[in-house]
Amino acid sequence: MTDEIRNGRKLMRRKIAIPIGFSTDFSDEVGDVDIIFVHGSCASSNQYNSMLECLAANVAGDLRDVNEEDVDHTGPQLTCYLFDSLGCGESDHSPHDWYAYSTDELDSDLEAITRLVLGQESCKPDTPLFLVGHSFGVSQVIRLVNKLNAEKFTDRIKGVVLISGAINGGPLGNMDGGHWIFRYLPLSVLRRIQPILSQSFFKAAVHPSNQQRLQKSANDLSNANDMAMCRAFYRQQKYATVNDAKALEVNAIIIHGENDRVFPLKAGEHLNNSIPSSKKSMPLSMMLKH
């Protein structure tokens, strides 16, 4: 569905339920869980589709869409909330609305969605909530959780999963403002080289074992972005800081691929080292890139 989550900001949102099968070893011990997924820069929620299928397989359930009127269930389930950021995927918006793509506005969109889940969309008001962020979504999740925890939402927000992320102050320095090409190249040139940029990012981000399967869909999604939107987004982009990471008060799992060529492993290690030691774990996979 597409709805207006804030004034003038209509986002495509979807809610997917994964029933927890009673054949699992832990099904008698777990209750309902809510998860919000936050995608990376100029991407879409479709990047999580394969992950959701694997998640369903691991809890012996099935994927099913949930309508607003169809939220009753008899057994425990994972309810997954996904959305396309403004101007991305199916969340259409004028690419020339410069300030609409600022990090502050996008953070406020995520906050509005999260408050909806915490307040009225969760199946039960006491359901624990986890947030999953990928790439730039990691920064958004960290800032959001810190803000909501300052408002005493710690009893609902139980943890975060931070995938392939990086923050300012590490081996990549200050990343605010995006790549230099968005500062210096005219829009006409950016549009001409967009297919080259998409293919370059794809090769750096996707592991060779998945490239054949994902190449067309990933490149089609990237090339569908209007470069005016991309330029507005990156020029105003602000990453989380070391102090933001140090302030995190919920449990965190940091996942980073050893072969990541977008944010190298050292960036993930820096993020991991910036989070309080009692709140984190960092599994690695040689099979992962970005």
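**Aromatic residues and strands**

Modeller: Let me start with Tyr 234, which is buried at a relative accessible area of 18%. Buried means under 20%, exposed means over 50% and partly exposed is in between, with a 1.4 Å probe and protein chains only.

Colleague: Good start. What should I know about the model itself?

Modeller: This is a predicted model, where local features need pLDDT of at least 70 and side-chain atom pairs count only at pLDDT 80 or more, while totals for chains, interfaces and linings use all residues. Residues are numbered from 1 along each chain as its sequence is written, and side-chain values use heavy atoms, with hydrogens and water left out.

Colleague: Fine. How many aromatic pairs turn up in the whole structure?

Modeller: Six of them. Rings of Phe, Tyr and Trp (its six-membered ring) pair if their centres lie within 6.5 Å; planes under 30 degrees apart are stacked, over 60 edge-to-face, and the rest tilted. Phe 182 and Tyr 234 make a stacked pair, with 4.7 Å between centres and 25° between planes.

Colleague: Which helices do Phe 182 and Tyr 234 lie in?

Modeller: Phe 182 lies in α4 (residues 181–184) and Tyr 234 in α7 (residues 227–235), so their pair ties together parts 52 residues apart in sequence. Helices here are DSSP runs of H or I with at least four residues, strands are runs of E with at least two, and both are numbered from the N terminus. Tyr 234 also pairs with Phe 233, this time edge-to-face, at 4.9 Å centre to centre and 80° between the planes.

Colleague: Is Phe 233 buried or exposed?

Modeller: Buried, because its relative accessibility is 5%. Phe 233 and Tyr 234 belong to one aromatic cluster along with Phe 136, Phe 182, Tyr 239 and Phe 263.

Colleague: Changing topic: what does β7 pair with?

Modeller: Strand β6 (residues 129–134) joins β7 through six bridges, running parallel. β7 also pairs with β8 (residues 251–257) in the parallel sense, over five bridges. Two strands count as paired if DSSP finds at least two bridges between them. Leu 162 of β7 stands opposite Gly 133, and its bridge partner in β8 is Ile 254.

Colleague: How many of β7's residues are buried?

Modeller: Five of its seven, β7 being residues 157–163.

Colleague: Where is Leu 11?

Modeller: In strand β2 (residues 9–19). Leu 11 is buried, with a relative accessible area of 0%. Beyond four places in sequence, its contacts include Phe 83, Ser 85 and Ile 113.

Colleague: One more: where is the kink in α6 centred?

Modeller: On Leu 214, with a kink of about 70°. The bend at a residue is the angle between axes fitted to the seven residues ending there and the seven starting there.

Colleague: And the chain overall, what does its secondary structure come to?

Modeller: Nine helices and ten strands. Of the 290 residues in the protein chain, 49% are buried.

Terms used. Contact = heavy atoms within 4.5 Å.
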